[in-house]
Amino acid sequence: MIITGVAVCLAVLVGAGFYSTRKVRGEAGNFLLAGRSLGAPILAVLLMSQVIDSNATLGSADLAAGFGFWAGAAMPLGVALSVLLIGLFFAKKLRATGVVTLPEYFAQRFGRGTEITAAVLTVGSFGILLAGNLVALGYLLEYFIGLDYTVAVLVLIPFVLAYTMAGGMFASVYTGMVQFAVMAVGIISLLVWVAFGPGFSAPDGLGIGGFGQLTDPAQGAAINWATLIALGLGNIVAIDLMQRVFSAKSPHAAQRACFSAATGILVLCVPLSFVALAAVTIVGDRAVDGPILYVLLGEYTPQWLSILVLSGLVMASLTTISGVLLSTATVLVRNLFRVGGEHAGMSPDVMKVTRLLMLPMAAFGAIVALRVPQTGILLTLTFDLLLASLVVPFILGLFWKRGDGRAVAAAAVGGIAVRIGFFVLTPTIYGVDNTLLYIPNTLVTAEVDGWTTFLAAIVSLAAYVTVALVTRAPQPEPPVVSVVAERQPVAV
């Protein structure tokens, strides 16, 4: 019954995605940016639907159940912080430039070499994010219908590819609105059921009052703060979020949407940490049988509630995967390969090749999902890598005239070298076993887990500032002018 209800909701989502194709009208500008027609309310929902995914819900719940309230809450708090910062400092400024992708900003500010660097780093990082959502969906199909995890991951990809390749950004708009409505109702209903049913509870030291989770490294404080900072700052250079900001009908609409989205993320996602802690008591020893929310929804909640919440989780993951596929393929086409030439604009070839390049991105995400079957950890790792490489050049490049491509290279190489170096030598990743790239050694222990996030960011900052100060100051930059002409808004 549960899986049938979820399948019906999934059919509605896919239908909404295909319905959106009527808005594309063969125009690349509509496919990539929804014709830059999105008002603040719709854009706010779109931003929330992109970040409220299985990583920020299922992964957050697992971390809360295993390590305490603040371990789980660090994820939605970090994501909300990033959207708030984008609204405060970046949305209006970047939307006014008229660029289509974030690497285009790097090209305008620092040159072609930095554009390529930004494209490679963001596409690689977001392939990991895509994998995290495939993991969550793979576990769902394995837990509820007994489908092998590997088969489940491979079966899911064609669904999201189909409507994303058809509708582009408009597909994200339509599916995002459906997903957000289902997810919001599901989360609120789950909170009400726990409050008036089993009641909220938490194991000793793991509740909201367990501040040792924020102050004591032995209780995971370094990892929790690293999670919050990696998401809060690393997500600033998220290409999927920025592509949505660039789809706003005006700079002011982009800013207002960010403020609304940050509030919505806090209201909907942070309470899931309370649910996860209560679930530890509710399910007891069954907590080890799978992701805590899946166990709770599969065995203990009413079927109608299980269908609603699980449908929201499935839709959330598919919506995020769709956004990641679109944004990464767009970056590959426009910034890495420059299909049609530097000033190709929105030619038909751009849309055609963007659709084709979604295929290798989907394959990359599937490979990572099969190698690292974790949820929240992959989300944090994505933005950890971006924090170590692009965040400092992005922020200082906007607000400080010093620094050129050499400073960006130093920041990216220094930060990434430190982060990857510790990554392969540390036996854990944010508290879980490192099964991806760990090289057994006796020099680096699990105690450095979390601290390396801050160290890599500090190295990146020091490298950028040092190179910027010792090299000749650049001439004042001319106003950034997009190579893409603005189009008339297309009604959503």
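**Exercise 1.** Work out how exposed R112 is, and find its salt-bridge partner.

*Solution.* Step one: R112 has a relative accessible area of 31%, so it's partly exposed (buried is under 20%, exposed over 50%, partly exposed in between, using a 1.4 Å probe and protein chains only). Keep in mind that this is a predicted model, where local features need pLDDT of at least 70, side-chain atom pairs count only at pLDDT 80 or more, and totals for chains, interfaces and linings use all residues. Residues are numbered from 1 along each chain as its sequence is written, and side-chain values use heavy atoms, leaving out hydrogens and water.

Step two: the side chain of R112 meets E115 in a salt bridge at 2.9 Å, N to O (a side-chain nitrogen of Lys or Arg within 4 Å of a carboxyl oxygen of Asp or Glu).

Step three: both sit in helix α7 (residues 112–145), 3 residues apart, so about one helical turn separates them. Helices here are DSSP runs (H or I, at least four residues), numbered from the N terminus.

**Exercise 2.** Is E115 buried or exposed, and which residues join it in a network?

*Solution.* E115 is buried, at 2% relative accessible area. Next, R338 also meets E115 in a salt bridge, at 2.5 Å, N to O. That pair links distant parts of the chain, 223 residues apart, with R338 in the loop between α15 and α16 (348–371) and E115 in helix α7. Put together, R112, E115 and R338 form a salt-bridge network.

How values were computed. Helices (H or I, at least four residues) and strands (E, at least two) are DSSP runs, numbered from the N terminus.
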